[in-house]
Amino acid sequence: AIKVMGGPDIKTRFGRKDAKDSSESVESQVGRLPDGDKGIDHLREIFHPKGFDDKDIVALSGAHTVGKCNLDRSGFDGPWTEEPLKFDNTYFKEMLEKEYKEETTEKGNPQFRSGSGTIMLISDLALLKDPAFKEHVETYAKDQDAYFKDFTKAWIKLQENGVPELRDAL
């Protein structure tokens, strides 16, 4: 899907088993993904224990270049970019170029909206508050190839995290 939307062609390896049966499944999604209404420390608390560094966090956040928040599912509302079906570095460009005004959604969640209707969450704009994150945001805004290269590495790490014996074919 990433490639179809204009993004990099990322090889997927197969055979990941997260549980032998449903008795081994996780009870909750809490802590698996960052909360949109939290900042830098929270991003690191979620990702660093899983082996992701700051560059990985910024690269994976760039996946917000596609899709949108749905009020009924997340409590946030709106697309991050003006072309939410296109995978590119627009998320980073718009984050740096647009002005966002704070608002509260109908569900009571804080977010930021630009004049064109796109949004950013607290967790998105946090990438501009820390120099270690902002350096990567600025690089990716200027250089889509650098973003694609780093996103590919981080995405593979995300898919294969903790699973050493995967195969290249089904």
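1. At what angle do the axes of helix α2 and helix α6 cross? In this predicted model, the axes of α2 (residues 54-61) and α6 (residues 131-142) cross at roughly 45° and come within 9 Å. The pair is therefore oblique. As for handedness, α2 passes α6 in a right-handed crossing.

2. The contact between these two helices can be listed by residue. From α2 come Asp54, Lys55, Ile57, Val58 and Ala59, and they meet Ala132, Phe133, His136, Val137 and Tyr140 of α6. Sorted by class, the contact of α2 with α6 consists of seven nonpolar residues, one polar residue and two charged residues.

3. Helix α6 also packs against α4. Here the axes of α4 and α6 come within 8 Å, and the crossing angle is roughly 115°. That angle makes α4 roughly perpendicular to α6. The α4-α6 crossing is left-handed, whereas α2 passes α6 in a right-handed one.

4. On the α4 side of this second contact are Phe92, Lys93, Met95 and Leu96; on the α6 side they meet Val137, Glu138, Tyr140 and Ala141. The class count for α4 with α6 is six nonpolar, no polar and two charged residues.

5. Which residues of helix α4 are buried? In α4 (residues 90-97) they are Thr90, Tyr91, Phe92, Glu94 and Met95. The cover over these buried residues includes the helices α2, α5 (122-125), α6 and α7, together with the strands β3 and β5.

6. The pairing of β3 with β4 is antiparallel and runs over five bridges. Within it, Glu103 stands opposite Gln111 in β4. The two strands form a hairpin with five residues between them, and Gly108 in the turn has a positive phi of about 90°.

7. On its other pairing, β4 (residues 110-114) is joined to β5 in the antiparallel sense over two bridges. Phe112 has Met120 of β5 as its bridge partner.

8. Is Cys69 buried or exposed? Cys69 belongs to strand β1 (residues 68-69). Its relative accessibility is 6%, so Cys69 counts as buried. Not counting residues up to four places away in sequence, Cys69 touches Ser74, Phe76, Asp77, Gly78, Trp80, Ile119 and Leu121. The C-alpha atom of Cys69 is separated by 18 Å from that of Asn89, which is 20 residues away along the chain.

9. Glu160 is placed in helix α7 (residues 144-160). With a relative accessible area of 18%, Glu160 is buried, because the cut-off for that class is under 20%. Leaving aside neighbours within four places in sequence, Glu160 is in contact with Arg13, Arg16 and Leu166. Helix α7 is also among the elements that cover the buried residues of α4.

Conventions: Residues are numbered from 1 along each chain as its sequence is written. This is a predicted model: local features need pLDDT of at least 70, side-chain atom pairs count only at pLDDT 80 or more; totals for chains, interfaces and linings use all residues. Side-chain values use heavy atoms; hydrogens and water are left out. Two strands pair if DSSP finds at least two bridges between them. Helices (H or I, at least four residues) and strands (E, at least two) are DSSP runs, numbered from the N terminus. Buried means under 20% relative accessible area, exposed over 50%, partly exposed in between (1.4 Å probe, protein chains only). Contact means heavy atoms within 4.5 Å. Axes are lines fitted to C-alpha atoms, for helices over the stretch in contact, and angles run from 0 to 180 degrees between N-to-C directions. Angles under 35 degrees count as roughly parallel, over 145 as roughly antiparallel, 65 to 115 as roughly perpendicular and the rest as oblique. A crossing is left-handed if the near helix is turned anticlockwise from the far one by less than a right angle, and right-handed if clockwise. Ala, Val, Leu, Ile, Met, Phe, Trp, Tyr, Cys and Pro count as nonpolar, Asp, Glu, Lys and Arg as charged, and the others, Gly among them, as polar.
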